[in-house]
Structures are given as structure tokens and as C-alpha cells.
Amino acid sequence: MNYKRSSGIILHPTSLPGPDGIGDLGPEAYRWIDFLAQTGCSLWQILPLGPTGYGDSPYQCFSAFAGNPYLVSPVMLLEEDLLSPRDLADRPIFSDNAVDYGSVIQWKLTLLDRAFAHLPGASKKIRDELQQFHEAEKTWLDDFALFMAIKESQGGFSWDQWEPGLRDRSEPALSEFTHHNQESIDKHIFRQFLFFRQWSAVRKYANDKGVKVIGDIPIFVAYDSADAWANRDLFFLDEEGKPTVVAGVPPDYFSPTGQLWGNPLYRWDVHRQTGYAWWQKRISAMLRLVDIIRLDHFRGFAGYWEVPAGNQTAEFGRWVPGPGLDLFLAIREALGGDLPIIAEDLGEITPDVIELRDTLGLPGMKIFQFAFSSDPTDPFLPHNYPVNCVAYTGTHDNDTTLGWFKTAPPAEQKFCRAYLNTSGETITWDMIYVLWRSAAVMTLAPMQDFLTLDTDARMNFPGRASGNWTWRMPVDATGASMIGKIQAINHLFRRHSREK
């Protein structure tokens, strides 16, 4: 892909302001896009948009294809008479600073059920669009809605703990369940319709404003997902559906015992026999939601870390070859043309990973926070960046830049100050300034860095099971002063969207 020199901001929709305890796809999303356009930023990077499960993580979703219903905007439902003002009268008082997922989920599901109750009286246009949506997406939607309905009926337990007939997808068991629970299934179809309808409008608005959305595909799917339940032959699972090996990474920068993700691993031989049909569908579905895909854990396509199921850490495992070029050629042939993918090529990178990335011509990632080992040849230092890369101050997995600098070893702090020619008092904007000046075709920073926030605004602590993904942007964060500061660096370093 031929990308233009540009810049952007990382902000997941859950971090937007708003009255319902979590950012959503309502008026604040449109104001955010207006802000991006006014600053001259043409990239908006988000995290996975799927329905969150374990730990509220967007990287542990109940489906690789479904959307997160907690992002549905009640304000937009009001405008379409799918909610009434009375439905919002009992809205709890939520924190503006952080998402309290327990109370938010209860509130949002209550509202979604109320909207579903209004559906029979909705306009013919909405009811026709719902039917069309169901028909267009049924290859994944029927399995997902059934999965979620069964999960609710089974007390929320993981699918391997369901009654055996439902766990193993016995046709008589599924037919009987569907017969008695059609309304529950229909609710989940309706929730997905609302999400996709609102997200499609938000993305169109962004594109019309000259803003492209960078979405995120985790390489692996969650074990407790419709994907694993409905496609057991594609994963290393035993006769009872339990994983025999799971995903993770060995000890690294983030954790001395590695990261034990626990996701089921793909049987790539089976995927190859199908022409990688499931992956073709996954990439195609994602490109209907976003403009550019950040492919998480890209190194896993060259080789991945396999950990025997039951291990308590990821320290003991083995490297296993991934599908490599074969997968991407099949996807490219099926979809036609080059793939708009950013390779998340971080971690333990070996020559085969670099070869795969460069053969495909994909831009890799550069993280400025990783650069200060006192080695001027460090590939994460901006003067060493190639043009074909995407450079970040940090990502959702890093501390904020201010938090990182305050806790970095003294030697790293010293080298950082020398490299930036700064006292360190304005370290975050000093790093943004130098990053924007680099040759990297795309540069991005989390909104927390533009706001010069400390560690308490960090989005994720890798390896920590709970308490992540909660940060919310202050309502006054996108005022004229901030617009002017970002405008200035975009103009100065030829990244302004209106000056191409």
C-alpha cells in the first residue's frame, strides 16, 4: 500500500466522554472526529471492537466478527424512537474518569432490552434494515446469537461447561434450545444490528472528514467465544472441547515469566486445507469496519509460542512455525489487491518475521519508549526509522510517556534527555515533536500523551488480569488550545491532512 505522510491519535471509543458510564458511538464520537479533522490528523486508531468478555479486554472477545453492544449510544436510540426519555430516567450517576464495567454493563443491557421492547413499534425502515442485516451477516451472526443465548441460559459459564448436547452442538439439543429461546436469540441479533448500524455511520462520518480508522485484529480468538465453539476443528481442542495447547509469549520486556494468554491455538494444517476460508472471512469483515488493519502479534504468523495447557506461566513452551506467506497470499488473492495492514512486529523478532513483513511490503511498528538503551543504532530511535513504518510514542500496552519517563532507569532518562536536548520538564511533547519530525510515513500517540497524563491514565498493564481498559478522556480535553498545538506540529512536519 502507498500511504501518505500523516498522523493520528489512539483513542478507543470506550474512552470517550458521555453520560452513560462508558464512551459510545453517539454525539461524542462525532465531536471526536471533528476534533481530529480540525487538528489535521487523518488517522484514528482504535482497539478491537468486539464484545468483551474476560477481564473486559477487547483482546478477549466472545466473537471475532461481532461488535460490542456496550458501545451502542442511547442518545442515538432516542432519536430513532427505539428509546423514550422515560427509559433513561433511572440512569445511574457514573464516574467521568473511569469505566466501572460492572455497573455500566448492567445499565447498558437494561437499555438494550428496553430498545428491543420498542422494536415492534419501530419504523418499517428500521425493521427492514434489521432483516437485511441478519441476512447479510448470518454466516457468523446466527452462531454468535445462539452462543450468547445459550451462555446466558447456562449461568454465563464457558462453553466447555455447558450441558454436553449444547457444548457439542448436537442438532437435536440446538433445535430444542432454539425453539424455547428464540426471543433471547433475537435480542442478540438486534444488539448486533444496533452496533453495526451506529458504527457504520460513525466510520462514514470519519471518512467524509478525511479521517481513516485503524482497527485492530488480535491474532488469536478467545477460548470462550462463538468462534471456538462453532469451529472446533480449526483449533487444538480435545474431545470435550478443552485446549491441549494455548497461546502466549516467553519472558520479555513486559513480564519475567512471559505472558500466558490462554487462547486456543490454530490448527494451521486444517486452515490450509480450506484455503484459509475462515481467515478470508475475518479480514473481509474487518475491512467493512475500518480502513487499515493493525495485525496484532504479527510475529505469530511466522512462528508462535506454544504452551501446554495447564501451565501456570508462559515460561515453558516452544516455538512452532506459523502459516507464513501462504496465508497472506491466499487472503490477498481472495480479496484482490494489496492488504492495508500494519504489522505489529514487536517482541522477540527473528529473521523470518522480518522476511515475511518485507515480502508483503507491510509497514512495521516503532515504539519510541523502547529506544533509550544508550545505543545510537537502536532501531526504535527516530533517526533510524525507514519511511515504511508506523511510529508511536507508546501504545495501549505501554505506560503513558510521562509515567514511563518518571519510572525509567536513570541511564535511560539521561540518554532520553540528551537525545531530545531537553531538561525533561516537557518530556511528552518533546518526544511527540521528534517523532513527528521523523521519516516514518505514519505517526501516532495515545490521547493520554497529548494531554501529558501520568500512569493513572494508562490503558492496559500486560499480564494484569483485571483493572485495565477503564480510562476516560476528560470532557474538556479537545478544546481550542489542544487543537492549535496539534495543528502546529502537523503543519510543521508536513503531516496535516489538508496540506497534502
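Contact here means that heavy atoms lie within 4.5 Å of each other. With that cut-off, the cover over the buried residues of helix α13 can be named: it includes α11 (299-302), α12 (325-335), β9 (341-343) and β10 (364-367). The structure is a predicted model, and its chain has 18 helices and 12 strands.

**The chain as a whole**

- For 500 residues, a compact globule would have a radius of gyration near 23 Å, and the chain agrees with this because its own value is 23 Å.
- Taken along the principal axes, the C-alpha atoms of the chain fill a box of roughly 70 × 55 × 40 Å.
- Of the 500 residues in the chain, 58% are buried.
- Among contacts between residues at least 6 apart in sequence, 73% join residues that are at least 24 apart.
- The chain has an accessible surface of about 20700 Å², and carbon and sulfur atoms account for 53% of that surface.
- There are 46 positive and 62 negative side chains in the chain, and the centres of these two sets are 6 Å apart.

**Helix α13 (residues 351-360)**

- The buried residues of α13 are V353, L356, R357 and L360.
- These residues lie on the same side of α13, because they cover an arc of only 95° around the axis.
- The exposed residues P351 and E355 are carried on the face of α13 that is turned away from its buried side.
- Helix α13 is followed by G361, which has a positive phi near 70°.

**Helix α15 (residues 410-420)**

- In α15, the buried residues are Q413, F415, C416 and L420.
- Their directions cover an arc of only 170° around the axis, so they are placed on the same side of α15.
- The face of α15 turned away from the buried side carries P410, K414 and A418, which are exposed.
- Cover for the buried residues of α15 includes α14 (401-407) and α16 (427-437).
- Just after α15 comes N421, with a positive phi of about 55°.

**Residues with positive phi that are not glycine**

- Most residues other than glycine have a negative phi.
- N421 is not a glycine, although its phi is positive, at about 55°.
- The position of N421 is in the loop between α15 and α16, and N421 counts as exposed because its relative accessibility is 73%.
- R169, also a residue other than glycine, has a positive phi near 60°.
- R169 is found in the loop between α5 (164-167) and α6 (171-180), and its relative accessibility of 28% makes it partly exposed.

**C61, a buried loop residue**

- C61 belongs to the loop between β2 (43-45) and α2 (74-79).
- The relative accessibility of C61 is 9%, so this residue counts as buried.
- Leaving out residues up to four places away in sequence, C61 touches G50, P51, A222, D224 and S225.

**D291, a buried loop residue**

- D291 is situated in the loop between α10 (277-287) and β6 (292-295).
- With a relative accessibility of 18%, D291 counts as buried, the cut-off for that class being under 20%.
- Neighbours within four places in sequence aside, D291 is in contact with R203, N207, V211, K212, V213 and P340.
- D291 and P51 are 240 residues apart in sequence, and their C-alpha atoms are 20 Å apart in space.

- The relative accessible area of D96 is 55%, so D96 is exposed, given that the exposed class begins over 50%.
- Between D96 and A477 there are 12 Å in space from C-alpha to C-alpha, and the two are 381 residues apart in sequence.

Note on methods: Residues are numbered from 1 along each chain as its sequence is written. This is a predicted model: local features need pLDDT of at least 70, side-chain atom pairs count only at pLDDT 80 or more; totals for chains, interfaces and linings use all residues. Side-chain values use heavy atoms; hydrogens and water are left out. Helices (H or I, at least four residues) and strands (E, at least two) are DSSP runs, numbered from the N terminus. Buried means under 20% relative accessible area, exposed over 50%, partly exposed in between (1.4 Å probe, protein chains only). The arc is that of the directions from the helix axis to the C-beta atoms. The radius of gyration is taken over C-alpha atoms; the globule rule is 2.2 Å times the number of residues to the power 0.38. Accessible areas come from the Shrake-Rupley method with a 1.4 Å probe; for residues, only the protein chains shown count as cover. Lys and Arg count as positive and Asp and Glu as negative; His and the chain ends are not counted. The place of a charge is taken as NZ of Lys, CZ of Arg, CG of Asp or CD of Glu.
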